[in-house]
Amino acid sequence: MNTLAGTPVLLRLALRRDRIVLPAWVYVLAASVVSTAVSFRSLYDTEDARLRFAAGIAANTSLRALYGPLHDASTIGGLTAWRMGVFGAVLAGLMSTLLVVRHTRAEEEDGRLELVGAGAVGRRAPLTAALLAAATANLVLAALVAGCLAATGEAPAGSLAFGLALGGCGMLFAGTAAVTAQVAGTARAANGLAGALLGTAFVLRAVGDAGPAWVGWLSPIGWAEQVRPFAGDRWWALLLPAAGTALAVAAAYALVARRDLGAGLLPQRPGPAAGAPGLRTATALAVRLHRGTLIGWAGGLAAAGLVFGGVSRGVVDLVGDNARVADVIARLGGRQGVLDAYFGTMTNLFGMVVAGYAVQAVLRLRAEETSGRAEPVLATAVSRLRWAGGHLLFPLAGSAVLLAVAGVFTGLGQGAAMGGTGRAVARLVPAALAQLPAVWLVAAVALAVVGLAPRWSTAAWGALAFFLLIGWLGPVLRLPQWALDLSPFTHTPHLPGGAFTAVPLLWLTALAAVAAAVGLAALDRRDLG
């Protein structure tokens with residue numbers, strides 16, 4: 001039988017299932033690049049201003065480690081490639097990783113791939129369809145970035161090189177996820193392995209940009225930097241991610257033929273013969289299911305906090321006497337000084353990131369339901385509300401833990417860079433926790449979707465993307481206030497430095513309670529599955 005039989009049908013199915021989430025990923029990434037170009041054009045409208053800005057970056061090691069080197073400051077495109085190159089590549093890699101694992105290992109874990117494989121479907125067709133879906137997403141992303149930058153007046157060649165650098169990095173991590181999906185036995189483990197490789201690539205790139213340059217060549221994200229859009233356009237550097245993708249895909253095809261369906265190459269540890277006493281309740285089971293994800297998110301936020309806190313001195317030095325830059329930073333995060341404004345922006349960003357965790361934790365309810373694992377629990381003397389309550393403990397309390405971790409480690413990073421660690425931590429932890437009501441509202445919206453329209457549960461990611469787009473890009477694009485007010489993160493106080501008002505937080509909490517009550521009531525009344 002043809003091992004690729006059924007690939008077109010599975011590709012159409014994958015694109016249809018991701019018709020909400022995937023366009024949201026691509027749109028937010030492309031919009032982030034374009035809005036960055038627009039903001040740089042308004043801040044540095046002359047070449048002399050851009051060169052003065054570049055001089056400050058060249059002497060700032062912490063900013064080079066965070067964003068990479070600035071190869072060309074004479075054009076807006078060069079500044080945009082510097083500001084969004086690293087994070088755009090990371091986000092493209094994350095998008096591709098989640099997409100490939102979702103349509104390979106996750107399908108096997110849920111048992112759907114076994115049903116599909118019973119038809120006229122080749123052994124390698126699901127993997128091929130997932131890779132083609134990732135290729136489609138990255139190709140559209142590259143085209144959008146290139147077209148939009150060229151439409152704003154940037155050099156077409158540089159715009160295309162930048163778009164291809166992002167898309168190439170995304171495809172390389174799609175191939176990496178294809179390999180981890182064969183190695184790991186669960187979707188969470190596959191995503192964890194691929195995420196660890198993505199994080200390692202970021203660290204190697206940061207070390208190479210701030211220290212020995214050869215270390216950066218070990219990182220796929222460093223390869224994207226070597227394309228140097230708008231600064232010579234090294235087209236040959238695109239061969240590196242292309243070759244890496246080809247090797248990873250070849251390895252994934254070789255591995256998929258050498259393992260059993262539903263099993264990974266890593267051996268599964270046998271569980272104990274009897275369950276632990278601590279697993280006697282539905283809440284304890286939910287804790288067991290969620291704790292690994294919570295620990296992983298906490299580790300990532302701790303690392304991000306150290307980085308963002310560590311570059312605080314560099315932010316102050318970079319702003320210097322540029323009143324226009326200081327004004328924009330103050331508009332984004334408060335008006336009590338550049339440093340407070342910077343941390344106000346960072347805590348707001350942490351709130352948006354933790355909202356992603358909250359949505360993921362809520363959607364675990366739907367995953368337990370569709371996989372059939374919820375039925376044995378509910379067949380006992382456990383009500384639906386008790387079952388749901390155990391899982392909802394993590395969007396509520398877990399989000400608070402993550403925000404506190406982000407605040408603590410950001411304060412530690414600032415203390416290491418500027419001194420006064422205790423005072424920095426004491427100021428930044430409450431500032432981060434002030435984002436909690438907005439996170440709860442996003443989680444409650446996701447719960448309402450799961451309860452009222454379970455088949456559309458992935459739309460919760462679309463709602464989050466909408467909030468992030470407004471909260472992240474709205475101030476830069478100077479959207480009208482009524483549009484900014486559509487995001488719950490607009491109403492959280494920008495601390496430290498800004499004025500604290502409890503009324504908006506109380507309203508956000510009340511709205512979250514109403515939305516959660518609606519979702520729980522609908523979940524309690526509708527048919528399971």
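**Cavities and their surroundings**

Modeller: Four cavities of 30 Å³ or more are present in the structure, a cavity being a set of points on a 1 Å grid over the protein atoms alone where a 1.4 Å probe fits but cannot get out. The model is predicted, so to speak of local features requires a pLDDT of at least 70, and side-chain atom pairs count only at pLDDT 80 or more, whereas totals for chains, interfaces and linings use all residues. Residues are numbered from 1 along each chain as its sequence is written, and side-chain values use heavy atoms, with hydrogens and water left out.

The largest cavity contains about 170 Å³ of space, where a volume is the space filled by probe spheres set on grid points that are joined across faces, edges and corners. Its lining consists of 18 residues, and those nearest the centre are His71, Ala81, Trp82, Glu225 and Pro229; a lining residue has an atom within 4 Å of a point. Three helices, H5 (76–102), H9 (156–183) and H12 (220–226), each contribute at least two residues to this lining. Helices here are DSSP runs (H or I, at least four residues), and strands are runs of E of at least two, numbered from the N terminus. Helix H5 provides the largest share, five residues. By class, the lining comprises eleven nonpolar, four polar and three charged residues. In this scheme Ala, Val, Leu, Ile, Met, Phe, Trp, Tyr, Cys and Pro are nonpolar, Asp, Glu, Lys and Arg are charged, and the others, Gly among them, are polar.

The second largest cavity holds about 130 Å³ of space. Among the residues lining this cavity are Leu10, Arg17, His103, Glu107, Leu113 and Ala130. Helices H1 (7–17), H7 (112–117) and H8 (125–151) are the elements that give two or more residues to the lining of this cavity, and H1 gives the most, four residues. Eight of the lining residues are nonpolar, one is polar and two are charged.

The largest nonpolar core has 117 residues, and Val100, Val145, Phe162, Ile221 and Trp387 have the most contacts inside it. Such a core is a set of buried Ala, Val, Leu, Ile, Met, Phe, Trp, Tyr and Cys residues joined through side-chain atoms within 4.5 Å. Helix H17 (residues 338–370) supplies the largest share of this core, 14 residues. Phenylalanine 162 is in contact (heavy atoms within 4.5 Å) with residues including Ala81, Met84, Val145, Pro229 and Phe230, when neighbours within four places in sequence are left aside. Ala81 and Pro229, which Phe162 touches, are also among the residues nearest the centre of the largest cavity.

Alanine 161 belongs to helix H9. Alanine 161 counts as buried because its relative accessible area is 0%; buried means under 20%, exposed over 50%, and partly exposed in between, with a 1.4 Å probe and protein chains only. Beyond four places in sequence, alanine 161 is in contact with Val227, Pro229, Asp233 and Trp235. Alanine 161 and glycine 232 are 71 residues apart along the chain, yet their C-alpha atoms are separated by 9.8 Å.

Phenylalanine 230 is in the loop between H12 and helix H13 (239–256), and it has a positive phi of about 65° although it is not a glycine. Because its relative accessibility is 11%, phenylalanine 230 counts as buried. Aspartate 233 lies in the loop between H12 and H13, and it has a positive phi of about 50° although it is not a glycine. Aspartate 233 counts as buried because its relative accessibility is 15%.

The chain as a whole provides the setting for these details. It has 24 helices and zero strands, and 50% of its 529 residues count as buried. Among contacts between residues at least 6 apart in sequence, 77% join residues at least 24 apart. The structure holds zero disulfides, a disulfide being a pair of cysteine sulfur atoms within 2.5 Å. Cysteine 169 counts as buried because its relative accessibility is 1%, whereas cysteine 148, at 29%, counts as partly exposed.

Key: On a 1 Å grid over the protein atoms alone, a cavity is a set of points where a 1.4 Å probe fits but cannot get out, and a pocket is an open set with protein on both sides within 12 Å along at least five of seven lines; lining residues have an atom within 4 Å of a point.
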